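Look over the structure first, then read the points below.

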Amino acid sequence: MCASVKYGSRGPALIPRMKTKHRIYYITLFSVVLLGLIATGMFQFWPHSIESSAEWSLDRRSVHDAPLVRIPMSSPIPERGDLSCRMHTCFDVYRCGYNPKNKIKVFIYPLQRFVDEVGVPISSTGLSREYNDLLSAISDSDFYTDDVTRACLFIPSIDVLNQNSLRIRETAQALAMLPRWDKGMNHLLFNMLPGGPPDYNTALDVPRDRALLAGGGFSTWTYRQGYDVSIPVYSPLSAEVDLPERQPGPRRYFILSSQTAIHREYRVELERLKEENGEALLLLDKCSNLSQDLASVRKRCYKGQVYDYPQILQESSFCVVLRGARLGQATLSDVLQAGCVPVIMADSYILPFSEVLDWKRASVVIPEEKLPEMYTILKSIPHRQVEEMQRQARWFWEAYFSSMKAIGMTTLQIINDRIYPYAARTYEEWNNPSVVKWSSVNSPLFLPLIPPRSPGFTAVVLTYDRIESLFRVITEISKVPSLAKLLVVWNNQNKSPPEAIDGLSLDQTHMVERSECINKFASVFGTMPLKVVEHRADPVLYKDDFPEKLKSFPNIGSL
Amino acid sequence: MQAKKRYLILFSAGVCLILLFYLQGPASRRTPNRGDDPHPHWPHFSDPLRAFIPWDQTETEDYNVRVSPRHKRDDNSGAYKCRMDSCFDFSLCGSNGFKVYVYPQQKGEKISESYRNILSSIESSRFYTSDPGQACLFVLNLDTLDRDQLSPQYVHNLKTKIQNLNLWNNGRNHLIFNLYSGTWPDYTEDLGFEIGQAMLAKASISTENFRPDFDISIPLFSKDHPRTGGDRGYLKYNTIPPFRKYVLVFKGKRYLTGIGSDTRNALHHVHNAEDVVLLTTCKHGKDWQKHKDARCDKDNAEYDRYDYKEMLHNSTFCLVPRGRRLGSFRFLEALQAACVPVMLSNGWELPFSEIIDWHTAAVIGDERLLLQIPSTVRSIHQDRILSLRQQTQFLWEAYFSSVEKIVLTTLEIIQDRVLQHNARSTLMWNRLPGGLFTLPQFSSYLGDFPFFYSVLGVKPQQKFTAVIHAVTPLVSQSQPIFKLLVAVAKSQYCAQIIVLWNCDKPLPAKHRWPATSVPVIVIEGESKVMSSRFLPYDNIRTDAVLSLDEDTVLSTTEVDFAFTVWQIFPERIVGYPARSHFWDSNKERWGYTSKWTNDYSMVLTGAAFYHRYYNYLYTQYLPGSLKSMVDQLSNCEDILMNFLVSAVTKMPPIKVTQKKQYKETMMGQTSRASRWADPDHFAQRQMCMNKFASWFGTMPLVHSQMRLDPVLFKDQVSILRKKYRDIERL
């Protein structure tokens, strides 16, 4: 009481003073905040161009700006790859952790230029265009992390795609110098052209400890199943040439051989086949009369006649992919792109992504020994199967071969599936093009079960307030011995019940409403899932001239 | 008024502050990234980079100088690590196809029951040959199943015994079966003799020792595993939602020391006695008391509280941890019980991994991540549980339920390798009805089989071929076969009619056959035996076959209607005359009945549609013994066909509209055709049923109480509104 009086008496005197004081205070506060806001806004929106110009300057970063690292002569060399390595022995799964998205995190080492003590680089190409594409695709993907401590997989920026351009010892030393190398644990190397003359090993010769190898041209002798990933040899033509998809079907030639580096023994055999079967075979080789330049890569010749490569591949049903010095051939990619069915003759070759792709659906694998029988073998394949394979081949290319990005993402997904197998994509998901996914029917209840009567069934009765008929239905249904439960769904929308018992089906608007429903449902499904049949299921002795009491389902059909 | 203003200013200041924070937020979040980390993303390099393959990198010259690529291939053959192309002689399989020879059994040689089952499964299969000269694959008569030296089943001196085999040839083209290898304490995978270039079909094989595409991983099965048939899967019906009482269970031994003990010793960390029940016991072996640890007594008590079978059948997932060896019996038990196996056995090459996609039927865990297992299995979505569970049942019945299935799957895998380009695709192996019933030699195109129409999203052809089995000579124009020909030919779906002339009389002249709008092809049966009506003739190019007896009475409407039904159920037999089987408990055997009953399990091939693939399967899949029995009796071929199709589909055939009479009464004609009048006929059919059931190892026939009639059949509406109106008049 006292306080309120006090307050009341001082109040009127104080307010005007405080008002000016407060006003100034508030205005200052307001303007400060407003200025701050404007400044932030400017920083946020306008300086975007400043930032992007910073990015632009990043864009113009050159590989030559990458820090130079000198490898001492005595720098340690990793051990040769251990053939017994598997995910559970050589891969540290604890680094990947348990996460709700079931996605591994991939770290890419920053680019460095490794040189030996004299200053000679370890690789003649340095960073290749393809490896650069691959790394930027990975860095743009969901797999990427820039936090080295959270990473589960490490990708060195040392380009080992082509062994020919590498100095093996120095490259190995460079790998061992990576800060997180740790015996190559959880490191992934990409290599497409392994081995070198004269005996062309089928796996990268660079010693690499326990590192995983995504290699093109593995043989069963070097491939560590479930550990390494077999990848295709990228064909640079994929990016250069745009081959439109062709409808599957018969083509002008039956078999086409377009490779230039075929061993002469095999070429002799192919020529013999050509003699036997004539026009059905087209046997192309390098053009000897053309100048040897970049354009000659895109030409093939047969007896002086010049063909455009890879366009000519689209003119054949089957295209031969023979082993060269290496097992993996870039031709395979071109052939798939052209929608030509590859005839793969490379014994012990591990086909690209064989862990997840069913090559039987897209190719024909013939042992090299059976080369002379190739024609008869291919002739025995049904036409529809050939068309199916043509479609599948093209789809494989689009999904898994078409770019370095596709190859990189597929590889990472395969490794990801091994680490989180319970969340892995299924084999069918890997192999079914979306066309098939839409047209095919995969019932969630696919097992042919004829359930016993014991669990019975649940009856669901929808009602629109028609109590009389509802009771009748309930009494009738509840007589059924296999009824387990009866569920009544009350749909009373405060409508007065119709007078006639059969009112619903006699009601014209009811049928119209139902047709509308069907149209609506069909548009939601995108297609009409209902099928029209001309039969109905009756009990075996239905309406037969037979004593009713001997029938399992007597008096049925009397309704 | 003033207060209002004040609040307004205060409010707007607050809003501005919030905005400030909001806008500052992302900016400040972004900046440290740029500052701290030298390379947030892979930079975009502007300089022209070189391609990884220089355009002029040619291998030609250098490559051609080298020796023949053939020699290069042969280089590897000396190595112990084998592959098909280096250790297997394909030329042995060339001319005779894939035949398997089993060394004759020697007296005094001890052979375990399991191995005897394996051998007799091979001997009764269609691959068996008794002539080593024709064989492509050789199987030993020496029991190599148990190579644990401490086991009573261990066979001594195997090394010398094998070296003495005259066809051994360093194991080339030999197949060795093994279930147990190594012994306490390290349980190595060494068999104790030199296997040379022989292939191993081995249980508990590790990925390190497994020679891919050469060895075969088989499941560990007990000595009680049945030779043929075997238990059906436990799942009788699907429940939705698919959860069971327990989430994850396990019951088994715990090894206190030594190899394989780590995982089982750690299981108690995950056990919660509610929905995750993992029980171990120390009570095994002679001196378990000596090694027992602090947990043993508690564990043992808990162990006895639960019944294994009850747990198995009431759990969604079953843990399958490694034992001493990588594989354990728990695996097949879980599979049969429709309990999704959760593998916990690092480095185990899963059974038949070459062909089975285990991700669709099991959860593959990592021993190192045991503690994550409960949250992992809980995170699996209902849809997937439902499909995993059904797949366990399919795989169990297709490949594991009996020794015979395991052996046949092993042989088929090897055959696929030999066939190479003709091999089954993964889809054929992993979809119903499974690889054993899907013969790739029939066609490499999935759409040629009746099972894959829905998977491919295609439909069977709109035409059929009728095959009429003729056994009586043509005498008069009033014979039923003429009426039948005319009626069938009138069907809008009929592509052609094949008359199979299995009559002793010579072929009648061409002009004696009635003129029809569709081509009639008369084939003279070479051996004139019963089974020839199911031969896969090249002339049959349509998917559907209408099989007919010569005395069948059918109208065009009936043919049309049955065909439209078949198009919906292309994998089953669809037809008119139905029969049933029953278990005769007095005589303890199967009985056959043609009485009018409320159900049926067979539709006779006297008037039935089926897919032409079953002709191929009948001829190729069934053993010679059954087919020759049919030929000798000139009877039962229709029963055998029904057995076969039901074994494949696990479904009953489909009977269409009732038809009391479908045979023309033979007016006084005495001929082979009136075999129905023969009193022996019925007794023979009883006997056939039992012979067939014993070969299949189980009774494949399934009863059905359903008949398919045209919509509006016998309904009280105007006959003019009915599409198949003639059917009612019959």
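Two strands count as paired if DSSP finds at least two bridges between them. On that basis, chain B holds an open sheet of five strands with parallel pairing, in the order β10-β9-β11-β12-β13. The model is predicted.

**The sheet and its edges**
- β10 (276-281) and β13 (363-364) of chain B stand at the edges.
- Each of these two has a single partner strand, so one side of each is left without a neighbour in the sheet.
- Strand β9 (residues 246-253) of chain B runs parallel to β10(B), and six bridges join them.
- B:Gly252 has B:Thr280 in β10(B) as its bridge partner.

**Helices on the sheet**
- Helix α9 (residues 296-305) of chain B packs on the sheet and touches β9 and β10 of chain B.
- The direction of α9 makes about 120° with that of β10(B).
- Helix α13 (residues 382-400) of chain B also packs on the sheet.
- α13 touches β11 (315-321), β12 (340-344) and β13 of chain B.
- The direction of α13 makes about 90° with that of β12(B).

**Domains of chain B**
- The domain assignment gives domain 1 (81-217), domain 2 (246-398) and domain 3 (464-708).
- The centres of domain 1 and domain 3 of chain B, taken over C-alpha atoms, are 43 Å apart.

**The UniProt record**
- An unreviewed UniProt entry lists residues 96-380 of chain B as "domain: Exostosin GT47".
- Over residues 96-380, the chain is 20% helix and 18% strand.
- The end C-alpha atoms of residues 96-380 are 49 Å apart.

Key:
Residues are numbered from 1 along each chain as its sequence is written. Chains are lettered from A and ligands numbered from 1 in the order in which they are written. This is a predicted model: local features need pLDDT of at least 70, side-chain atom pairs count only at pLDDT 80 or more; totals for chains, interfaces and linings use all residues. Side-chain values use heavy atoms; hydrogens and water are left out. Domain bounds come from an automatic or database domain assignment. UniProt positions are given in the numbering used here, feature names are shortened, and annotations may be inferred rather than shown by experiment. Helices (H or I, at least four residues) and strands (E, at least two) are DSSP runs, numbered from the N terminus. Contact means heavy atoms within 4.5 Å. Axes are lines fitted to C-alpha atoms, for helices over the stretch in contact, and angles run from 0 to 180 degrees between N-to-C directions.
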